Amino acid sequence: MDALINQFSYGLFFWQIIILLIVIFILGKFAWKPIVNALEEREKGISDALASAEKAKLEMARLTNENEQLLKEARAERDEILKQAKELKDKIVADAKHEAQESSKKILEQAKREIEEQKNLALAEVKNQVSSLSLDIARKVLTKEFEDQGKQESFVAGLLKDVKLN
């Protein structure tokens, strides 16, 4: 075997170089360009996919921020609506309470007026009855008293005496 290794043939070397160049040429023309093109397309596809993924990630972040902002605004709006509803409820309750107080005051005032009117009517009727009774009693007393002429004269004299003293 050493003999085979030690023998160098220029002709064989030449034909091997030519075959190598032909194989390189054929591979360059038909295999390497499509392989390189495929690798470049794959690299481009991967970079496009990465760019799309980054774009999608940014869009998701933007949408997340928008959603959070919308949620904050919705919560603020809800709080404002609840605040307004509470204020409206308090106002309605206060108005109803005030109206009830005013109504009760009017009813009390009307009741007091009616009581006063009834009291005045009752007092007037009592006065009329008292005066009527007093007149009846006085008539009866005076009739009884003045049956006698002497008593009448002494009574008139007594009245005149009282008038002179005043």
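Reply: What follows describes helix 2 and then the chain around it.

The structure is a predicted model, in which local features need pLDDT of at least 70, side-chain atom pairs count only at pLDDT 80 or more, and totals for chains, interfaces and linings use all residues. Residues are numbered from 1 along each chain as its sequence is written, and side-chain values use heavy atoms, with hydrogens and water left out.

Helix 2 covers residues 10–145 and has the highest mean pLDDT among the elements of the protein chain, 89; pLDDT is the predictor's confidence in each residue, from 0 to 100. Helices here are DSSP runs of H or I with at least four residues, strands are runs of E with at least two, and both are numbered from the N terminus. The lowest mean pLDDT, 57, belongs to helix 1, residues 2–6. Where pLDDT is low, the predicted coordinates should not be read in detail. Over the protein chain the average pLDDT is 85, and 92% of the residues score at least 70.

In the model, residues 12–32 are 100% helix and 0% strand, with their end C-alpha atoms 27 Å apart. Residues 36–128 are likewise 100% helix and 0% strand, and here the end C-alpha atoms lie 134 Å apart.

Leu-21 lies in helix 2, and its C-alpha atom is separated by 120 Å from that of Lys-105, 84 residues apart along the chain. Leu-21 counts as exposed because its relative accessibility is 52%; exposed means over 50% relative accessible area, buried under 20%, and partly exposed in between, with a 1.4 Å probe and protein chains only. Leu-39 is also found in helix 2 and, at 53% relative accessibility, counts as exposed. From Leu-39 to Gln-101, 62 residues apart in sequence, the C-alpha distance is 91 Å.

As for the whole, the protein chain has three helices and zero strands. Its radius of gyration is 66 Å, well over the 15 Å that the globule rule gives for 166 residues, so the protein chain is more spread out than a compact globule. That radius is taken over C-alpha atoms, and the rule is 2.2 Å times the number of residues to the power 0.38. Along its principal axes the C-alpha trace spans about 200 × 30 × 30 Å. Of the 166 residues, 1% count as buried.
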